[in-house]
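User: I would like to learn how to read nonpolar cores and helix packing in a model. Please take the cores to begin with.

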Amino acid sequence: MESLNSGSYEQIKEPHVINVSDSDFGEDGMDEVSSIPFQSPGGGMYWKPRVEAEFKPYINQSFRSLEDGIEFYREYGRKSGFEIRRHTEKKHDDGTVLLKHIVCSRAGSNESKMDVDYEDFSSSSKKRRRTVSSRCGCKAKVVFKFDDLKGYNVLSFVEEHSHFLVSGSGKQFLKSNRVLGLAHKKLVFDGAKANMGPNKTYNFAKELCGSYSNVGATCTEFKNWSRDVKLYIGDRDAQMIIEKFTDKKEMSDGFFYDYAVDEGGRLTRIFWAEEIMMYNMKFVPFTGLDNYKKCVVFAAGLIAKEDIDNYVWIFEVFMKCMIREPKCIVTDQCPAMKQAIPTVFTEARHRLCMWHIMKKFNQKLAKCISKMDDFKRKINALIWSIDIDPATFEVGWKDVMKEYKLESNEWLCELYNIRESWIPAYYADDPMAGLLRTTSISESENSFFDKFNRRSDTLTEFYLRYESAMEKQRHTNARLNYEGTKSMPRMDTPLLLERDAAELYTRTMFYEVQKEIMSSCYDMSINSISEEDGVKIFSIKDKRRHGKIFEVNHAYLNNDMQSDVTKIPRHLVVNRWTKGAEMRHSLQFKEISEQCNAIEVTNRKLNDIWYDFQSCVSLAGLDGERLDYLEGKLKELKHSLRESRWKSDTQNKNNVMEFFVGSKIPAEVIVKPPIESRNKGCGRRIVGDYEKSISQRKKKVPRLCNMCKKIDFHDARTCPLKKTIQQSDV
């Protein structure tokens, strides 16, 4: 073995005291030192790695290939606490490498510089940059020589280093210990689908692994992989999403999409729908309710600008896909949609979302009304009531406006002029009037998509998140279906009608029907019964609605209504609220089964290894033989995982990207990414006085003043008593 006269060195008796710093130990202070220091006659210091003999190179050691030899030396460096790099080589005329030098990363002159952060306590800015040398002329190396019979042999090996080697917890930051395998990359990619950035994903990986040192990479590698995904997509973003939609259309007749580009070939709007925010483009989901009253997105689109033309286009494509018009459309007060909807939909009734309107009352009227709570109580009694007719509402509205002197308020006058589009009294007979009153639909939908969306997403990334969000909706529906079949809800009455409702409707809808059954039993009473021309007229008083009288007509001759029923007449049941009205799932694509087969094989191998590991842990005790068995299995597990990681890292990077993103690099880019748009809400919003007062009120917290000893919104510096004392002293 080639050495540096190590035999003439004097080994230091207590190296851990003289040469090992506190930072080289773990949190418990028990990490072993990775190197043994020696001192030459001239006073120079050298360090020899302390590793097991099986991991140390030796003269004439043979490897089948040069890469195998380099990987062995890299593993030796990883265990020893140093990095390696490829150095000089000698080649044959045919390109065969005859000699290859692999050296310590700190070999060579110290002219190479790198920037590091350091603490400068003399300056107001602690973090500053300083250029330092990363090399120290280390002589440690291994030389491989080509052999026709054996492959590559170790020709020479210098073991000693002229620098201290990394020990303990510091080893996790070596480059050889910071390699992302397929498992890491999948974790980062899947985390992005759940709107987790690389920082959050890295912290999550730490919790899964038990500590940061067990992750096998740092947060920088997680960030770099996330960056590489965006670079892989690059300017091909729009073309990739179009080609992905084309592939899905070929594999499923139930998938529909359409798009439009401007004169420069840039994407301006896109629509898609299945069988079941990047560039500041506006996301337009078409949302309905499933049989559990949960929001379901059955189509969606992206538009570059919120104008009439874009909305007309997206509504026309919606009609092309769905064929028939929806019965009712609920939107916010967007002026562009207000004009676009009647242009395309001739039968659908356009309603405004009450939640968007009601949340503006405080902002618009804070300056005009001193007793806001009283005003809102009276106006809400009119707006939300389903028992009053339009005439009663109009009289009540005018009375409230007169009481608070708001007859000339422009915003309220505008709301009154469009009252037929948002006040329940004007569409009480519509089939879904009760659903349109709720505030939770818009609010929950906005919150739902906020969890799956990030401003910096590309189109391809956005669609991946969109698919993840849709999968969550389908999973929720499947879970509710399962919970509805494994048990029966509690019955509150002995009526057979209630039990029939429990078997017929979903659990969510049954509870609403149950409330009506209970109300009919305990809150309603018959005042009178009369009959006229074959029609029985019932006068019914409702206690819960302040004794309001309702009239029910029973045409018993034509069997329009039944009496003494034990089951709900099926011709009166709306199928969409029953247990059988499940969401339609899109067809399974053929590549899914292929991927699942590959994943199944991989998982089976990993599960076998993990099962052996768990078996060893359960067998482990004080018995030495069992501990040896455990140690052997742990080594096998570590070797298998490291070999798998090394093989995955040698794969083509683009192939890995294609596997995760699900789109190949387009041969030609026809559809270009959209230009960043400026839509309403993308800039800084003007904050009203009411919101300012609320935020200031939240910031101010009463506390004990040390000057006046009172609990108030001031401290000793601003205390009025202090000012009084100062004035008296003057």
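Analyst: This is a predicted model. In soluble globular proteins, nonpolar side chains tend to be buried together. Here the largest nonpolar core has 28 residues. Those with the most contacts inside this core are Phe361, Phe375, Ile379, Ile383, Phe393 and Leu412.

User: Which helices each supply at least two residues of this core?

Analyst: Helix 9 (354-358), helix 10 (361-365), helix 11 (372-383), helix 12 (390-403) and helix 13 (410-417) do. Helix 11 gives the largest share, 5 residues.

User: What is Ile383 in contact with, leaving aside its neighbours within four places in sequence?

Analyst: Ile383 is in contact with Met354, Met358, Phe361, Trp397, Trp422, Ile423 and Pro424. Another core, of 25 residues, lies apart from the largest one; among its residues are Trp313, Ala340, Phe345 and Ala348.

User: Now helix packing. At what angle do helix 17 and helix 18 pack?

Analyst: Helix 17 (residues 496-504) and helix 18 (residues 507-522) pack at about 165 degrees, and their axes are 9 Å apart. Angles over 145 degrees count as roughly antiparallel, so helix 17 is roughly antiparallel to helix 18. The crossing of helix 17 past helix 18 is right-handed.

User: Which residues make the contact?

Analyst: Helix 17 contributes Leu497, Glu498, Ala501 and Ala502, while helix 18 contributes Phe510, Val513, Gln514 and Ile517. Sorted by class, the contact between helix 17 and helix 18 has 6 nonpolar, 1 polar and 1 charged residues.

Notes. Residues numbered from 1 in each chain as written. Predicted model: local features only at pLDDT ≥ 70, side-chain atom pairs only at ≥ 80, totals over all residues. Heavy atoms only, no water. Axes fitted to C-alpha atoms, helices over the stretch in contact; angles between N-to-C directions. Helix = DSSP H or I, 4+ residues; strand = E, 2+ residues; numbered from the N terminus. Parallel < 35°, antiparallel > 145°, perpendicular 65-115°, else oblique. Left-handed = near helix turned anticlockwise from the far one by under 90°. Contact = heavy atoms within 4.5 Å. Nonpolar A, V, L, I, M, F, W, Y, C, P; charged D, E, K, R; others polar. Core = buried A, V, L, I, M, F, W, Y, C linked by side-chain atoms within 4.5 Å. Buried < 20%, exposed > 50% of the residue type's maximum accessible area, 1.4 Å probe, protein only.
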